[in-house]
Amino acid sequence: MKKISIFALIASLFVSAFAVADEVNVFNARHYKADAELYSKFTNMTGIKVNLINGKSGALEKRIISEGADSSADLYITADAGRCGAMDAKGTLQGGLTSAAIKDAVPKSFRTNKWVGIAKRARIIYYSPERVTGAELSGMTYEGLADPKWKGRLVIRKSSNIYNKSLVASLIKNNGKAATAAWAEGVVANMARTPTGNDRAQIMAVAAGEADIAVANTYYLALMLSGKKGAEQQEAAKKVKAFFPNQNDRGTHMNVSCAALVKGAPNKANAVKLVEFLLTPESQEHFTNNTFEFPMIDGVSPSPLVVNNLGLDFKQDMKTKLASYGKNQAAAVEVMTAAGWK
Amino acid sequence: MRINFWFISSLFVSLIIIVPILTVFSSFFENTTNYFEILKNTFLFEYTLNSICLLVSVLFLTFIIGTGSAYLVSFYEFPLSNFFKWALILSFAVPPYIYAYSLTAFFENYGTAYTILKNLFGEANYNSHIPKFDGMLGSILSISFSLFGYVYILTRASFLYQSQQLIDLGKNLGFSSYKSFYSIILPSARPAIVAGLSLVAMETLAEFGAVDFFSINTLTTGIYNSWIAFDDLAFANQLSFFLLLFIFALFIIENLSRKKAKYHFNSRGGFKRKEKFKLSKSKALLAFIFCFLVFFLSFLFPLSQMLYWTIKFPENLFDLDIVNLLLNTIYLVFLSSIILILFSLISNYGNRVSNNKILNLLSTLSISGYAIPGVILAVAFITFIAWFDETIIKTLGFLSIKKIFFGSILGLVLVYFIRFYSLAFNGIKSGYEKININVDESAYLLGYSKRKTFMNIHIPFLRNSLLFVGILISLEIIRELPITLILRPFNFETFATTAYISASEDLLEAAAVPSLFLILIAAFFIMITSKYILRDNNE
Amino acid sequence: MSKNFFEIKDVTFAIGGKNKVNDVNISIKNEGDTICILGPSGIGKTTMLRTIAGLEKINKGEIILKDKVISSNKIHIEPEKRNIALSFQENSLFPHYSVDKNIHLGIKKNSSTDKNINSKEIIKILNIEDILSKYPHQISAGEAQRASLARSLISQPDLLLLDEPLSNVDQSFKEDIQVALKQLLNKNKITTIVVTHDSYEAFYLGSKCALVLDNEVKQFDDPYNVYHFPNSVEVVNFLNRGILLPAKVTGGNSLENDDLGIIKGKFIKHYPTGSNVKLLLQPEDLEHDDDSNLKLEVVDRKFRGTNFIYTLKTPSNRLIPVAVHSHHWEQHEVNEKFGIKRPIELEHIVCF
């Protein structure tokens, strides 16, 4: 008995070295309860076990790179297209997400053969209807955030935030680096406070009267409105309204949660199966109802909370290739840092 | 010099610990990628400035809180003074990052403070009147309230041993109690205070969780970020080099002060004062308020905030597989403690029986792991294993060893080992130092073999030290964040990682449950060891 | 060849080059004998004991116990296998055991002797009955020393080594314990080596004494001989029991000193007439006589209970100690004159 337990103890030390046959290893940077529910659904359907290593995207990427060809990672799932693009650029991904099921489901600009978007989110402007008039907002664009009329009225997260990086990367892609550098300086000049806090904190700053407009992702407001974050946040969410910028040109900046196929994936086929599963209408509905993201595929509606309060009928930027977020990420950081964006 | 089992094993332990450290230093001279060459200078300046700002403020606060409370509870009698004596060390149960979550949860717009005000005084926009403790200020407060305990414990131990004679002398010379404090009590506790502050300084510089949560760029988060975001391991290593220079300076200061502190205790003959001074009513009230505030802010406040959220969002309680988290935590704690204690015992015993100068030097080197921030250690470990695997293992035609070390309990425990070895080694050493070498020799002369002496004389004597060390390691591992975050295996979470991940995903409410459990478990450990922690010596 | 129970042959004792004692030859003839090692502190006495116990190794010579070589440059029997007990000068009790448990740990040893030592008796004699249930940190240094002594005795060793066994014991107690210890050792036939810097203790306990001075054993002899027939100036200086005066041999049984005149007695060693020697003069050698015409000035007087020791100054400024029974009714104050009985006759004359 004693010997067996010692053996078990020693064996467990090397637990990662031994693999169970039918499984898929997911390096997961999305930590929603809803995702875990989806994974167990997948396991029930297919018998494929989903192994998760949760972490912040940066650390997970690092581990995939350090492990190199020996990495046990099959899929890398993260909440930003820029990250998937950057991983691709580092040569850590492989092609293979090319099945008909995937190609049919996901629009071209939201996928490559190495990674695909699994759910969309828009980065939009929130405003206080009490302090911002319709005229002020009329025709508002991301570019317009640098307009001096917003001086001292704008809140946005730090430049280190990946959503901001991707937003600025898309601006560089559309307007060029020099124009975006000037824009960044204008934005910094308009800030109501030194960037601090998460997306939700930006929205609440508008609700609390610290600022008049905020830049944040769509699903936060829905989450706050849902009451899942408590009565206070629900109350706060009611004090702000959403505005979709760039409706008159390319459309609102869209980002995705993406799943990327890791080079040397030991369970490649299973990984593709999982991605296909995440793109089925059932899974997409599960996302929209729980994480309040926009569906990746046609035929699924966003959550009523999102529809009613944000308005579904907006023009999404379907033109700018998401792959450019990764390519321009370095330039984006440079531009923001140079502008003194904390 | 005899090459024997003790030598080999100590050498082995030292190598395991020193290699990652050398990795950091060796890459200092590598060229960095020219990706951001220009911006680096600004970064380096900003990181250093932030680190210094954080360091100075935290040192100032912990000094005030730590020595202030230590002074009050060791010299005066006031309501609950005996309770505060040990209650103040409960602050160790709240790691800085959980403190940061609590601060944010309480003070943010529409946060707990808002709710309280609303319930008390009705609807109004209180948000603009509630101070915001985030960013640098938030980091400073989180770290200070979580770490002041180091200063408190060491200073209190030193106050306890200030002989009555010294204080009587002050009275005899006609000093007021203020003058006594500034010119007698404080100076003679200086080595202990410096030792405590250097520990605080080391931990502050190594701090990751809270600083990362508040997005403050310090040298430590800079290392992590330049490694993660810019792929610039060489720059990360250069930052590490600077940071380590800082930290080693502190490490040396701490060691010297501690020795001095010991000397002071001894030279004074160290007898305990029996009587505490009674304070007048108004002064007793002030002393009570000070200690209560410290206790409240350092422990009750984060505990209640986490408890409040757990109750307010009970669904999080059921979403979390608490049994599993608990088992994981126990497993890690158990395994690491056993390995650490075993090797520290071997090294200590080896040092004792072989009395070899090289061995002593090696063990001094190998306790330096504690000075190295967990982030750096984990990065260095991965760098080293990857290098070793590529250049040696694969060249020799063997299978890759990466999987054995990355994302396995083995790798995790190994890095814990490096980080916490000094804790175990010094803990056991201080126990061993109390056994006169004559005792060993007497045992031999009574016919006990070396093995029997070790088993029948040393182990029973060290039993308490071993228990104490084990719990100290457990406390550290329960609270540990960056190493676990970077190196843990699939499907393996601890309370700390769960809390961190939820918090970093804007799901602060969900971070409350694991945080609450972490605080409760850590507090439990602290309570059962409070006797040892508050014991008369300065270990 | 006559067999010794214990023997040290040509051994040089040293720890790391320090406390060196060269080429030692000491033996204990019979089982149950006690010898003493006497010398100033820091000379290497403890090193000798530690080496005999097996805690240190030797490079030269051999140590033999019961016809078995236990230490040489090749052989080293581990201390736990020697059945030699060493009672340390400092506290060496196991701190986590009670005194009682400490003392009886010694019994576990599988002793090769068939002695049946009565531990109760030892506890009683050493007067540690009251502290048996206490822990080492709760007792005084003297008590710890006696407990440690008890532990060594009870372990029934072939050879017992005592390092300053009574150095921490109160003076009032010391003599009682010395007596008790001697009886215990004799009664149980425990062969013992006692290290001490107290010559009286050595003379009392040991049947023989080894004087360690200047990195060597200067004299190894029975206490009477050591005292009365010291074999070197160093021994005399160490024992501090007399002075050396310059004298000239004037015949087969007489010599002459400038201050004291003719001194008669039996030479223990032959010196040719006319040679210049240093004469050992001990306090008992001179007698008081107020009628004598040899008068010297008193410069100091020490009360030593049974004796007064007068220090007298000679015309050539030498200081001579003279013992006088303290019941002697005519006492002399400092600066007074003190008469010395002539002719001066000594039992034996020790010269160098």
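How many salt bridges does the rule find across the interface of chain B and chain A?

A: The rule finds three salt bridges across the interface of chain B and chain A. A salt bridge here is a side-chain nitrogen of Lys or Arg within 4 Å of a carboxyl oxygen of Asp or Glu.

First, some ground rules. This is a predicted model, in which local features need pLDDT of at least 70 and side-chain atom pairs count only at pLDDT 80 or more, while totals for chains, interfaces and linings use all residues. Residues are numbered from 1 along each chain as its sequence is written, chains are lettered from A and ligands numbered from 1 in the order in which they are written, and side-chain values use heavy atoms, with hydrogens and water left out.

Now look at a charged pair. Glu235(A) forms a salt bridge with Lys118(B). Their closest N and O atoms are 3.3 Å apart.

Polar contacts come next. The rule finds 11 residue pairs in polar contact across the interface of chain B and chain A, both residues at pLDDT 80 or more. A polar contact is a pair of N or O atoms within 3.5 Å; within protein, one must be able to donate a hydrogen and the other to accept it, and residues adjacent in sequence count only if both atoms are side-chain atoms.

What kinds of residue does chain B bring? By class, its side touching chain A has 28 nonpolar, 11 polar and 19 charged residues. Nonpolar means Ala, Val, Leu, Ile, Met, Phe, Trp, Tyr, Cys and Pro; charged means Asp, Glu, Lys and Arg; the others, Gly among them, count as polar.

Step back to the whole interface. In contact (heavy atoms within 4.5 Å) are 58 residues of chain B and 57 residues of chain A. The area buried between the two chains is about 5000 Å². Carbon and sulfur atoms give 54% of that area. Buried area is the accessible area (1.4 Å probe) that two parts lose on being put together, summed over both. In chain B, Tyr110(B), Phe490(B) and Asp506(B) lose the most area to chain A. Together they make up 17% of what that side buries.

Where does this interface stand among the chains? Two pairs of chains are in contact, and chains A and B share the most contacts. No contact joins chain A and chain C. Their closest C-alpha atoms lie 30 Å apart.

Finally, the salt bridges overall.
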